[in-house]
Amino acid sequence: MDAQEFLRRLVEGEKDFQKVDLSGVDLSGVNLSGSSVKRLDLRYSNFTSANLTDTNLDYVIFCHSNLIGACLKGANLYKASFSDCDLSGADISNANAERASFSEATLIEANLRNTNLRGANLSNSDLERANLSGANLNEACLYTAYLVDAILIGADLTDTDLENTDFEGANLKNANFKGANYDLERDICSSIYVENAIVGNTTMPGGEVL
């Protein structure tokens, strides 16, 4: 099925799509709210300001796509791939992004409140000023991620890979770092907000165990 047929069937009210190749299509502003479009190939596509609220996007490939300002609130993103995507200002709150890939993605000022990112790959991602309050990052990979001025109040970062992660100016109040892996060679704690953070069984930069 090509993009034209997909959009025609969407306009006609069809909600269930699987295994469709729509790579390179322009779907900016499209409303797929509540649809099931799992296992689609959407590489190099344009989803600027698209409405993907509560959409089933299991295993969808969004690599290199533009999702600036898109709404993925409550969406099912299990094992979806957003590698090298631009999700600046996107709303991904309350979504299930377990084991999804956001490697090298741009998530500046994205809303990820209460999002399930368990086992997700966020390596080399830009999360500057992103809101991850209450997010589940258990066993996620944040290797070399950029979290400057991000909000992680009450976030679960247990057993998370935080090697080379930059938390400068981030708010980590009540966050849980138990068992997290830090890069011991860099002082990432000189200017981050860690009041009441749980850092059990974690070796901090400088060698101290908290």
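Good morning. Please keep in mind that this is a predicted model.

The largest nonpolar core has 59 residues, and the members that touch the most others are Leu72, Leu87, Phe102 and Leu152. As a general point, nonpolar side chains in soluble globular proteins tend to be buried together. Let us take Phe102 as an example. Which residues does Phe102 touch, leaving aside those up to four places away in sequence? Among them are Phe82, Leu87, Ile92, Ala97, Leu107, Leu117 and Leu122. The contacts of Phe102 also include Asn121, Ser123 and Ser125.

I turn now to the aromatic rings. Five aromatic pairs are found in the whole structure.

Phe62 and Phe82 both belong to the loop between H1 and E1, so their pairing ties together parts 20 residues apart in sequence. Phe82 is buried too, with a relative accessible area of 1%. Phe47, Phe62 and Phe82, together with Phe102, form one aromatic cluster.

One ring also has a charged neighbour: Arg39 lies over the face of Tyr59, 4.3 Å from the ring centre.

Finally, the charged pairs. Side chains of opposite charge can pair when their charged atoms come close. How many salt bridges does the structure hold? There are four. One of them joins Asp41 to Arg43, with the closest N and O atoms 2.7 Å apart. Is Asp41 buried or exposed? Asp41 counts as buried, at 13% relative accessibility, whereas Arg43 is partly exposed, at 32%.

Another salt bridge joins Glu109 and Arg129, at 2.8 Å from N to O. Both lie in the loop between helix H1 (3-11) and strand E1 (161-162), so the bridge ties together parts 20 residues apart in sequence. Glu109 is partly exposed at 46%, as is Arg129 at 37%. Arg129 also forms a salt bridge with Glu128, the closest N and O atoms being 2.9 Å apart. Through shared partners, Glu109, Glu128 and Arg129 are joined into one network.

Thank you for your attention.

Terms used. Residues are numbered from 1 along each chain as its sequence is written. This is a predicted model: local features need pLDDT of at least 70, side-chain atom pairs count only at pLDDT 80 or more; totals for chains, interfaces and linings use all residues. Side-chain values use heavy atoms; hydrogens and water are left out. A nonpolar core is a set of buried Ala, Val, Leu, Ile, Met, Phe, Trp, Tyr and Cys residues joined through side-chain atoms within 4.5 Å. Buried means under 20% relative accessible area, exposed over 50%, partly exposed in between (1.4 Å probe, protein chains only). Contact means heavy atoms within 4.5 Å. A salt bridge is a side-chain nitrogen of Lys or Arg within 4 Å of a carboxyl oxygen of Asp or Glu. Helices (H or I, at least four residues) and strands (E, at least two) are DSSP runs, numbered from the N terminus. Rings of Phe, Tyr and Trp (its six-membered ring) pair if their centres lie within 6.5 Å; planes under 30 degrees apart count as stacked, over 60 as edge-to-face and the rest as tilted. A charge sits over a ring if NZ of Lys or CZ of Arg is within 6 Å of the ring centre and within 35 degrees of the ring normal.
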